[in-house]
Amino acid sequence: MTQEQVEFLSIAKSQSGGTSLVTYSIPSNYNMWLVSEKLNNELGTAKNIKDKTVRKDVISALKTSLYLLKTYKKSKAPETGLILCAGITTDSNIYFWHWIK
């Protein structure tokens, strides 16, 4: 991640006041379908979050993460690994991924 991205994430505030940023670290050569499977499981679990606004934000972040994974056309993570971030903050929606160097 760039220093700018790290600084942005460190001061980002959730729109709902809860935890709605999804950060997922994917090790090198990890099967991407397993990542999708794990995120889908998290999506099912997120439906049990009691606070309606936090639940909506977390589900949105997980769906965005799944969408980002679908745009990644390879079956395995790169040799250096991959970091995936998605969420809703007071300033803007954030979503990006970054190859670990």
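Modeller: Leu43 lies in helix H2, where helices (H or I, at least four residues) and strands (E, at least two) are DSSP runs, numbered from the N terminus. This is a predicted model, in which local features need pLDDT of at least 70 and side-chain atom pairs count only at pLDDT 80 or more, while totals for chains, interfaces and linings use all residues. Residues are numbered from 1 along each chain as its sequence is written, and side-chain values use heavy atoms, with hydrogens and water left out.

Colleague: Is Leu43 buried or exposed?

Modeller: Buried means under 20% relative accessible area, exposed over 50%, and partly exposed in between (1.4 Å probe, protein chains only). Leu43 has a relative accessible area of 11%, and therefore counts as buried.

Colleague: Which residues is Leu43 in contact with, leaving aside its neighbours within four places in sequence?

Modeller: Contact means heavy atoms within 4.5 Å. With those neighbours set aside, Leu43 is in contact with Ile59, Leu62, Lys63 and Leu66.

Colleague: How should I read the length of helix H2, and which of its residues are buried?

Modeller: The expected span of a helix is 1.5 Å times one less than its number of residues. For the 15 residues of H2 (residues 32-46) this gives 21 Å, and the end C-alpha atoms are 21 Å apart, so the two agree. The buried residues of H2 are Met32, Val35, Leu39, Leu43 and Ala46. Seen down the axis of H2, these fall within an arc of 85 degrees, the arc being that of the directions from the helix axis to the C-beta atoms, so they line one face of the helix. Trp33 and Asn41, on the other side of H2, are exposed.

Colleague: What covers the buried residues of H2?

Modeller: The cover includes strand E1 (22-26), helix H3 (52-71) and strand E2 (82-88). In the protein chain the elements run α-β-α-α-β-β from the N terminus on, which makes three helices and three strands.

Colleague: Which elements have the highest and the lowest mean pLDDT?

Modeller: pLDDT is the predictor's confidence in each residue, from 0 to 100. Among the elements of the protein chain, H2 has the highest mean, at 94, whereas strand E3 (residues 93-99) has the lowest, at 54. For the protein chain the mean is 79, and 69% of its residues reach 70 or more.
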